[in-house]
6 protein chains.
Amino acid sequence: MNEQWLQPPEWLWNVNTNEPTYVHHWVQQLKELEGEPDLIVYGAPISRSSISVSGASLYPTEFRRLWKGFATYNLDEDVDLVDLNVADAGDVMMHTTDILLSHRRIQESTAFLTQSYPGAMTSMIGGDHSVTACAVKGIKEAFPNERIGILQLDTHLDVRDPAELGPANGTPIRQLIDGATVKGEDVVNIGLHGYFNAKPLIEYAKKHSIQMVTLKNARKAGFVHTVSESLTQLSERVDRVYVTVDMDVLDISVAPGVPASTPGGLTTAELFDSLLEIGKHPSVRHIDFVCLDPSKDSVVSETVKTGVYAWLQFVTGLVNRSK
Amino acid sequence: MNEQWLQPPEWLWNVNTNEPTYVHHWVQQLKELEGEPDLIVYGAPISRSSISVSGASLYPTEFRRLWKGFATYNLDEDVDLVDLNVADAGDVMMHTTDILLSHRRIQESTAFLTQSYPGAMTSMIGGDHSVTACAVKGIKEAFPNERIGILQLDTHLDVRDPAELGPANGTPIRQLIDGATVKGEDVVNIGLHGYFNAKPLIEYAKKHSIQMVTLKNARKAGFVHTVSESLTQLSERVDRVYVTVDMDVLDISVAPGVPASTPGGLTTAELFDSLLEIGKHPSVRHIDFVCLDPSKDSVVSETVKTGVYAWLQFVTGLVNRSK
Amino acid sequence: MNEQWLQPPEWLWNVNTNEPTYVHHWVQQLKELEGEPDLIVYGAPISRSSISVSGASLYPTEFRRLWKGFATYNLDEDVDLVDLNVADAGDVMMHTTDILLSHRRIQESTAFLTQSYPGAMTSMIGGDHSVTACAVKGIKEAFPNERIGILQLDTHLDVRDPAELGPANGTPIRQLIDGATVKGEDVVNIGLHGYFNAKPLIEYAKKHSIQMVTLKNARKAGFVHTVSESLTQLSERVDRVYVTVDMDVLDISVAPGVPASTPGGLTTAELFDSLLEIGKHPSVRHIDFVCLDPSKDSVVSETVKTGVYAWLQFVTGLVNRSK
Amino acid sequence: MNEQWLQPPEWLWNVNTNEPTYVHHWVQQLKELEGEPDLIVYGAPISRSSISVSGASLYPTEFRRLWKGFATYNLDEDVDLVDLNVADAGDVMMHTTDILLSHRRIQESTAFLTQSYPGAMTSMIGGDHSVTACAVKGIKEAFPNERIGILQLDTHLDVRDPAELGPANGTPIRQLIDGATVKGEDVVNIGLHGYFNAKPLIEYAKKHSIQMVTLKNARKAGFVHTVSESLTQLSERVDRVYVTVDMDVLDISVAPGVPASTPGGLTTAELFDSLLEIGKHPSVRHIDFVCLDPSKDSVVSETVKTGVYAWLQFVTGLVNRSK
Amino acid sequence: MNEQWLQPPEWLWNVNTNEPTYVHHWVQQLKELEGEPDLIVYGAPISRSSISVSGASLYPTEFRRLWKGFATYNLDEDVDLVDLNVADAGDVMMHTTDILLSHRRIQESTAFLTQSYPGAMTSMIGGDHSVTACAVKGIKEAFPNERIGILQLDTHLDVRDPAELGPANGTPIRQLIDGATVKGEDVVNIGLHGYFNAKPLIEYAKKHSIQMVTLKNARKAGFVHTVSESLTQLSERVDRVYVTVDMDVLDISVAPGVPASTPGGLTTAELFDSLLEIGKHPSVRHIDFVCLDPSKDSVVSETVKTGVYAWLQFVTGLVNRSK
Amino acid sequence: MNEQWLQPPEWLWNVNTNEPTYVHHWVQQLKELEGEPDLIVYGAPISRSSISVSGASLYPTEFRRLWKGFATYNLDEDVDLVDLNVADAGDVMMHTTDILLSHRRIQESTAFLTQSYPGAMTSMIGGDHSVTACAVKGIKEAFPNERIGILQLDTHLDVRDPAELGPANGTPIRQLIDGATVKGEDVVNIGLHGYFNAKPLIEYAKKHSIQMVTLKNARKAGFVHTVSESLTQLSERVDRVYVTVDMDVLDISVAPGVPASTPGGLTTAELFDSLLEIGKHPSVRHIDFVCLDPSKDSVVSETVKTGVYAWLQFVTGLVNRSK
């Protein structure tokens, strides 16, 4: 009997001493949170509602898995995010085959979160773009008397006809306009470019007064400035702004994990800089990030890293807003 | 003006002279077929009904795309398939988000094809395994008084509970048994092995008298012989046999394009040899191949090639049957 | 007998209603075209003439396969391409082992097309860069009295010695100069940079007065402006301008499917913007795109998408030209 | 205020009802285990001791991550593993640059576990093959008076000289023999084949009476039978048998995730069947699985699935042993 | 000035002490060889003669690069290859675009090597299958009065019409028969199976008395035995036997780096075991290995490893022959 | 006997005529060099000192392998590098498991090279970032009375605690400061951005007066200008400047082969342009490039190409410096 081994060596059952300097140690479970959350993050892991085969349902898990590679300290802005209370509400549980039921659950979960935590911003991690319609409807349910505006960063208008496709990922903006949840004039799409919206969709957008700002024009005026101005103008007539970031707005060379991304799209710098402004802008209450399919990502997880970075830029903006 | 170039050179607008020696030149469109088809092939391109993310909906297209790499002449059996009338009915058009509607269309298309062409065998190309339930229900609809038996080559029982999942790809056999379309005792599953069926599923199978033949036991008695014997016994009590081949029955080392495949599975030789027998057996009227996801396949399309080969082995068997 | 199934259900033999809003529905077969074509597109699928192993011969097929992902409506320019008659003449049929014969066929097909449709622009889809020499010779054959200028977007001079390599992909410009089809001074190469042209090649270029504009210098003057100016100057002394785009001019980070691409190359924005100008410029009659190897492309087909986009930018320019 | 949303919907904060029918719900943390463990599993995540670049350190994590794809019920043997107490002791914490220290920790952790839980089998998940030397030394430390035999399934002898390489992954067996922890004659290597052991290593093995059984000869006598016989003979002269499975013993076509695997190796059936016997054999007290590098594995995780399957076969054997 | 550093440290300009125990240290350059070679290896790196895009021209380099992973000691046969004089004649230099010239060079190099080293066996490393016709013609040129027999391990007959394709990789056997270099009856093809030879090719083979042995029939009689018997019968009527191994004879699951490989092909064990016999057989004077495309191989170089292993099995057979 | 074949054909044993126009023909072995070297390149192929699994040890070999794709002529600068004497000292031989010994060898080799060739610049090719500490210590050993400054292009500070990790790749700068080899104020880090340095590391940097220039701020002042200014200021107080380029400073979209790269990083243009300046600056005596892992690189070797290009830009700068 070797006396030495009556106790386990420390390196066998080691306790990872908390390093609250990384994102995964900072974000807390909403159920366990003490105090009020400043920002809630929750997942909507559905992509069987996509027109093409998509693994975007895998994104919420991958998004959280990469948190450990990001410090809470933003060197560029000299800001530490830990002062903010960010809480993770987990994922809305999806049904295997009943897409409408899954959508309803996203809607109701959003209604619950926004109503129960009225002081908190929400950030939803998709899933494909169909989840945006659910979330906005949920917010409308919670705040039926408020007028909601949408800032959409997207290569596509997403106004295809749900009568044809059902509530698929090409339809959310049309669902909201046709269903009178949001007025067409309260939707601003920035980032459109190239050959990726058929003419009838443009006509729908014009008819419903959706504000279309091409990437080319946005860049002429300064991309970040355009985003900022749009928010200011939007906030003059709506009560709260919902920002939806379809990751296919990014140029395909920086977004291998977004199958619908295209050449001629946004740079990551443009995305990151505008998210700082979006985070800062007081009218913005909700944001989502959709259509990132980790199963297509590069070996070094380029796109998921970009997704986490983008979200943290929004959070940095929030810190600055609250100052 | 160069007189020489008043007519297009022959190598510009060349006509591919038909080479009826390859599969793509031999199979005809059902709509254009003269005479009665011996075998109908049709696609059921749905995989949003899968529990996991799946691109099996892409298989029917890839399956046909590789036909041009296969001659109609089977060297091993010294048989030329061209004597058989094989007709392609195209793909059943799927809805983007209404899975139940898509399933109904598969059922009704199968009902139509089997009723309208009573002399023809059918071979359906999935899609995920949920399509099998649709097809068998469609056949039952066309032949309500016939008793249908199922021979299932599969690593899984596929008797998960539709009350929980809806008509997902883990549930088809249970749908058919619970819905009284097929009796449990008329289902023979060959190929089960390892750790891939939870105990409650085994209990369901036993309770409903599903015949479970493990791969290990099938091999002891000779795999092909076991298949053959099972067909003979099944045919004694049913009117027609439906064979469903879940490609995940194959060993994962030969089926990179089937995400649910496992180590310890079937060899391609075992699959190919049994399909010869299945094709020959007079009681077999229908077959399907499911769960092959071309987006996961190897660079040289190993799994899709195997899928085409497997189907051609069944066709070779048919030729031998008709002799 | 179930009366319901005497007719095929509509979703089985569905007719795809034409959506003339996408490129694949808009471009017509040259043989079937009514009226005069404004632009002819044809493929030159050869890459066994490449110094390194290349699958560029697969590009024409992949190029057309991705048309369905592009709308005919250009949002940035508010232009719909459908007013233009674009006709597809198919691919020139290549011989398996006789490279000279294949080259001759490209030359003769180009001679035929340019002579028979004198009002049409031509756009040839390679293949490796050897095809450019064939096409220019073909045009010279059709218009022996015209002086042809070449605008080349390329990382390389492509003046390696055919006496050593035969008519390989590193030699087309030298073939044309040595063969007196084109004068050296009528060749403008924009996009050269870095360490990718050995000194003897530079000396050849200088000796023959090829105009070399490095990417660095082009950017100093404005890349698009440089292209535009070069065209204007070139058009003052030649009768028609042939533009050849070697896709290896693109930076390797945006062109994974071009094995010869390098760091320090063109951005897609620079390429797309210059193609608008090139399309607009009245002296430009012919264009080709070469050296894109789809077998090396990323999972989401980044480079082929870029190739289609580039071609559509040229077409957009044509629309503006004709206004 | 919408009363409905005062409580969170059940699908937001859903509790995963335990399904004790899958491996991940069955294996418990050693620290939390009530009762005595029958088998302990622990990780030794080191591969910077590999001669070639290796990511085998990532295997313990991937090994556990795939547990959820395996049921506890073994269909072939009609055995449910849940009756066995299997406990997970976690991973031994490795140092970043001090390889000797890391090795010492593995040794001491093994000494602790084997001494503190004398009734338990141990299964160590590597890491590269250097960890085997550590584990065996640890066992010797805990049971200094026992004679230890080794059954090695491996394509290589692993008797390279530590004087040259240090305690690298090519040296463990030589470390143990030269260090007098194990006698050469008590080492049986089964699975050697081909051209993968240089002659001086063969000479070392012969000089120290290592029993070398080539795969060819093992197959002639029946592979499983050879393994079984070797265990029986070994157990006649040693007190406990340590089994080490270098996954490179598998044929390269079934083990893409083992860079050192070769053509001409073991089939998975041979591995799985022998592990049943190994598990059953009363003299076997310890096992390890090494050299599986998940970063090289196929998209569908073929090799890690095989690794989990292999371990479960050993566990199934244990259940049969205890009967 | 630090005296210590006036001499370079030994680990900076280290001399790799020869380890003649690995293949790369054993095989010598033919030009530097003292004494007569027993076996000559040379490369024929051409694949632009392939019907499909192929990188088989890269194989000779990759083949040699992997030598360092193989010991000269064959454990199964207890044979050390170092007693044999194996010499590397390098690669025949290919022309970039003149395929006929490249072919002529292979022919002439083979003529030179076989005539100048009449006591040596030759092993040629392709390249695509077109090189076999060149090599056999070269041998005929060197030994015009000898009758040459061919043993072909191949999934295809390779008797497509050179009148249509030129001397492409589908035509070598037909070139040799039509050109009267070899009689049809002196060609034995073993390994044919499935749907990979169109009927007209079978008819050509029958008409010219090519001996076709399907894989199925070969296996019934014992694959190795069939090979052995075929060699014996062939050697009764020919003066020397040329063996050509088209690597596409291997099953696609073990040959990811052979784009033309198919399901239902040869196992590596069957290939390795027959090469031992082929090496032993006194009538065999020449061998080649063709159609392996390393650019398609798996990350762990499975197919190239198999190619080197196969060649070494032939060499092992030679050692046994000479005993 | 065919007289023709008594001599080997020229294309069999061809001599590659030197083309001194490419990098691989220009750089000479240091041992064989006549005259004094202007620049020495040597490899430090270690990456088992990396915190994460890394194949950066493979970089020196890949770096040299790609030289043949680069001409010595720099078109942008109209400079031919051949006038410079660049000598390759080979790789420092690493030990398999003794990391400290390997590090000592790098240190001593650097001491030897810098002392023995005092007129030469040195460029070291890593390996991971741990090698920088070794090299700087070696230089200090050779020139103990000189004050060394460091210009670091890096996304990270690399001041993690060696007391915790040993001399791992996250620690080199801290090793040098804590060991008093370099003063904190003599370290300038340019390129920091985002969320990739935990707060305690920032605090260490501030405490030791490391100059941190974020990428954002560098760009505001002009990236190249910032680099240039930093060198000028640094050179006012130090005797020689060591430049270390951690390739993870590059944006992840242009550096797939650098696992630690991130979104929001440097462009290749910024890197290339600053290396011109760095090469020109008279105070710079040493440079290294680290953390590039070729096993993760893209199919077309994007990152290794970028690495060679970067090194050549530094060499071009040297040429300009010497003018």
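A salt bridge is a side-chain nitrogen of Lys or Arg within 4 Å of a carboxyl oxygen of Asp or Glu. By that rule, the whole structure holds 84 salt bridges over all chains. The structure is a predicted model. Side chains of opposite charge can pair when their charged atoms come close.

One such pair lies inside chain B. Arg219(B) and Glu270(B) form a salt bridge, with their closest N and O atoms 2.7 Å apart. The pair links distant parts of the chain. Arg219(B) belongs to helix 8 (residues 215-220) of chain B, and Glu270(B) belongs to helix 10 (residues 268-280) of chain B. The two residues are 51 residues apart.

The arrangement of the chains was examined next. Two copies of a chain are related by a rotation about an axis and a shift along it. For chain D and chain E, the turn is 120 degrees and the shift along the axis is 0.0 Å. Chain D then lies on chain E with an RMSD of 0.0 Å. That is the relation of a three-fold axis. Within chain D, Ser253(D) has the C-alpha nearest the axis, at 4.0 Å.

Chain D and chain E also touch. The contact involves 23 residues of chain D and 28 residues of chain E. Between them, about 2,100 Å² is buried. Carbon and sulfur atoms give 64% of that area. Three residues stand out on the chain D side: Tyr195(D), Lys216(D) and Pro263(D). Together they supply 35% of the area that chain D buries against chain E, more than any other three residues. Only 4% of the interface residues of chain D are also interface residues in chain E, so the copies meet through different surfaces.

Two salt bridges are counted between chain D and chain E. One of them joins the side chains of Lys199(D) and Asp80(E), at 3.7 Å from N to O. On the side of chain D that touches chain E, helix 7 (residues 199-207) of chain D gives the most, with four residues. That side has 11 nonpolar, seven polar and five charged residues. Across the interface, 10 residue pairs are in polar contact.

Other chain pairs do not meet. Chain A and chain E share no contact, and their closest C-alpha atoms lie 13 Å apart. Chain B and chain F likewise have no contact, with their closest C-alpha atoms 13 Å apart.

In chain A, an unreviewed UniProt entry annotates a "binding site". The annotation covers His129(A), Asp154(A), His156(A), Asp158(A), Asp246(A) and Asp248(A). These residues are spread over 120 residues of sequence, yet they cluster in space. The largest C-alpha distance among them is 11.7 Å. His129(A) sits in the loop between strand 6 (121-126) and helix 4 (130-142) of chain A.

Backbone geometry shows some exceptions. Most residues other than glycine have a negative phi, and most peptide bonds are trans. In chain B, a cis peptide bond joins Gly126(B) and Gly127(B), with omega about 20 degrees. Gly127(B) lies in the loop between strand 6 (121-126) and helix 4 (130-142) of chain B. In chain F, the bond from Gly126(F) to Gly127(F) is cis, with omega near 15 degrees. Gly127(F) is in the loop between strand 6 (121-126) and helix 4 (130-142) of chain F. Ser209(B) is not a glycine, but has a positive phi of about 60 degrees. Its place is the loop between helix 7 (199-207) and strand 9 (211-214) of chain B.

Key: Residues numbered from 1 in each chain as written. Chains lettered and ligands numbered in written order. Predicted model: local features only at pLDDT ≥ 70, side-chain atom pairs only at ≥ 80, totals over all residues. Heavy atoms only, no water. Contact = heavy atoms within 4.5 Å. Least-squares fit on C-alpha atoms with pLDDT ≥ 70 in both. Buried area = accessible area lost by both parts, 1.4 Å probe. Polar contact = N/O pair within 3.5 Å; in protein donor to acceptor, adjacent residues only side chain to side chain. Nonpolar A, V, L, I, M, F, W, Y, C, P; charged D, E, K, R; others polar. UniProt positions renumbered as here; feature names shortened; annotations may be inferred.
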